[in-house]
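The sequence and structure are shown first.

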Amino acid sequence: MIIGRIAVMISSLALVIIALAAPYIGSGSILIAQRTPPSGLPQELQFEMLSLPWFPQSDKAAEVVAEQLSRVGIKINLVRLESSVMYPRIMQTFDYETFALAVSQSPNPLGMLLAFHSSEDRPGGSNYWGFRNVEMDSMIDRAFAAKDREELRQYAMKAQEIAFKGPFIPLFISQNIQIIRAEWKNYTLMSGGIVEVYNRWSLLYMYKSDKPEENVFRIAFPSDILSTNPFMANDLRSLWVLNLLYDPLVALDPNFNVIPWIAERWDIKDNGKTYIFYLRNDVRFHDGSPLTADDVVFTFTAGMGNNTVRFAALRKFVDSVEKIDNYTVAFRLKEPSYLFLLTLATGLVYVVPKNTWVDKPIDWGNPSPVGTGPFRWFSRKQGESIVLERNPDYFIKDTPRITRIIVRVIPEAETRFLAIKRGEIDMERYSASPSLVPEAQKDPNLRVITTPDIWLVYIAFNYRRVNDTRLFEAINYAIDREEVIKRSVGGYGLPVYAILNKEWHGDLANTNIKYEYNPQKAREILQSMGYRYDESRKIMVYVGVQETPRETQATSIATYTETPANRTQTTQVAQPTATRAVEAPAMNLTGVIALVIVVVGVIALAIYLFKRR
């Protein structure tokens, strides 16, 4: 009797356990207690990603990245916003989890480096992602004060290693696709395009005919320029026009080396703290007046003194600007810096005539610009067109070969392309859509020219909220950049892994930094952090790090040796607190226990029945 009762009790207990475990027995899953993650990590790997719908390169890239991350259990909810809503959330209030965007590139690495300095983590600063790292700040400060390029390169390389696992995740440099009428020749290929603002060469030497009157260059803009004020302009369309009307002290050659321009040479004195510029004496403004040291001193004193957008970067370097004589100017620096000349050449800062500006507010409209550039202002129909004419007195002899430039505003991309095909315009200002390339290549009257574009497409996370660098490392392994490029820009892009790139920064770029596409590696890193995959919800959930006698952490298979400096945050695992059960693929321990109890119950019942016989 006792054995029988025990058998019945064991069988009943087994049935209860089986009923409770039924949802999990067939699924190969077990109940795991979800735990509170350490500070800097979310409970679930689910993020809202902001994106601009009108910028297709980054918006489409965001779609592809979201799909790729879902394969490793990271869920991205894409939220498309207009710039008037998105920009304040990213740049002012920091009310976001992650976003997709593009940043324009310059041959000067200072802008990209400063975007990772703690001092720029503020409303209106350039460190949108809130990255803070003491060693990174030190590397950037040292790069700023570097005496030569090799010293700059040393600190830039180290800075890129520190940022390697940070919240800023570069994806690719888009390629500039420019469709131009085939009759034009003698343009210069540079990163950014054949008529980019850093490329002063194409529009000086381009031509299509030996007859001057036929060399009228017509270009389409998607919208009108916003400013003709060389101190205040900040959009690339306005700067493109101003770049033809005014001249800088120094410029860049096609390889991005700093060369003389209206300053024909310079000397460096006082151990690098003083630069003496010797001006050309044959440079004249469009009104016929000569350019002298007075114009240079006024321009830089007014621009930096009023902290205007174009001259703000120079304030970091320059203490004062002084006239030595009519054609000699001294720049006194706060500290010696190799980057001063490069900043002067890449800042798009132009010399204005003192007599025109001295009694005007710094932000006045400047409706009829007067500069020294290769073209002169002729006319404008606001919202429709701008006409510039060749400057016959330009100091570079026999240039420009173009006699007139006509800028037309044509908002629709398809309409701009059709206008090029019909010969109504010669090219458009910005990169054409990859979808137009096959048709353009079939047309003998058109040429398709590709160069590295100015846009670096990236995603970034809010480091103020999520700051465990292992998560960013896993995300990098989960992203197939080649697939992103193929699906977002039709293959017209170049993968990028570091905050500097060789297309724009040459030997300053750390090309040894690279992530291979390895989703399995991404999963291993996430699991080592304490995340497990919730099969029912298709998402990684934090359940705590599994304690083992000898725990092994996932090691990096990146292309440089990991050092303590490469990890920018050390996290402490918080004491676990059970919250709710989640599913994870594993051996079904509950089912095994239930099965054992059933077997024991059946055996006991069999013995009982046998003895009753």
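At what angle do helix α2 and helix α16 pack, and how far apart are their axes? Helix α2 (residues 56–70) and helix α16 (residues 481–489) pack at about 135 degrees, and their axes are 9 Å apart. The model is predicted: local features need pLDDT of at least 70, side-chain atom pairs count only at pLDDT 80 or more, and totals for chains, interfaces and linings use all residues. Residues are numbered from 1 along each chain as its sequence is written, and side-chain values use heavy atoms, with hydrogens and water left out.

- Axes are lines fitted to C-alpha atoms, for helices over the stretch in contact, and angles run from 0 to 180 degrees between N-to-C directions.
- Helices (H or I, at least four residues) and strands (E, at least two) are DSSP runs, numbered from the N terminus.
- With the angle of about 135 degrees, α2 and α16 are therefore oblique to each other; angles under 35 degrees count as roughly parallel, over 145 as roughly antiparallel, 65 to 115 as roughly perpendicular and the rest as oblique.
- The crossing of α2 and α16 is right-handed; a crossing has this hand if the near helix is turned clockwise from the far one by less than a right angle, and is left-handed if anticlockwise.
- In α2, Gln57, Lys60, Ala61, Val64, Val65, Glu67 and Gln68 meet Glu483, Val484, Arg487, Ser488 and Val489 of α16, where contact means heavy atoms within 4.5 Å.
- The residues of this contact of α2 with α16 comprise 5 nonpolar, 3 polar and 4 charged; Ala, Val, Leu, Ile, Met, Phe, Trp, Tyr, Cys and Pro count as nonpolar, Asp, Glu, Lys and Arg as charged, and the others, Gly among them, as polar.

**Helices α5 and α6**

- Helix α5 (residues 134–144) packs on helix α6 (residues 149–163) at about 155 degrees, with axes 8 Å apart, which makes α5 roughly antiparallel to α6.
- The crossing of α5 and α6 is left-handed.
- Glu135, Met136, Met139, Arg142 and Ala143 of α5 meet Leu152, Tyr155, Lys158, Ala159, Ile162 and Ala163 of α6; by class, this contact has 8 nonpolar, no polar and 3 charged residues.

**Helices α15 and α18**

- Helix α15 (residues 469–478) and helix α18 (residues 519–528) pack at about 160 degrees, their axes 7 Å apart, which makes α15 roughly antiparallel to α18.
- α15 passes α18 in a left-handed crossing.
- Residues including Leu471, Ala474 and Tyr477 in α15 meet residues of α18, among them Ala522, Ile525 and Leu526.

**The second largest pocket**

- The second largest pocket has a volume of about 380 Å³; a pocket is, on a 1 Å grid over the protein atoms alone, an open set of points where a 1.4 Å probe fits, with protein on both sides within 12 Å along at least five of seven lines.
- Its lining holds 24 residues (each with an atom within 4 Å of a point), of which Arg149, Phe256, Val258, Tyr338 and Leu342 lie nearest the centre.
- The elements giving two or more residues to this lining are β9 (263–269), α11 (339–346) and α17 (502–505), and α17 supplies the largest share, 4 residues.
- By class, the lining of this pocket has 12 nonpolar, 7 polar and 5 charged residues.

**Backbone features**

- Phenylalanine 256 lies in the loop between β7 (250–252) and β8 (258–260), and its phi is near 70 degrees, a positive value in a residue other than glycine.
- Threonine 399 and proline 400 are joined by a cis peptide bond with omega of about -10 degrees; proline 400 is found in the loop between β14 (385–390) and β15 (404–409).

How values were computed: Points joined across faces, edges and corners; volume = space filled by probe spheres on them.
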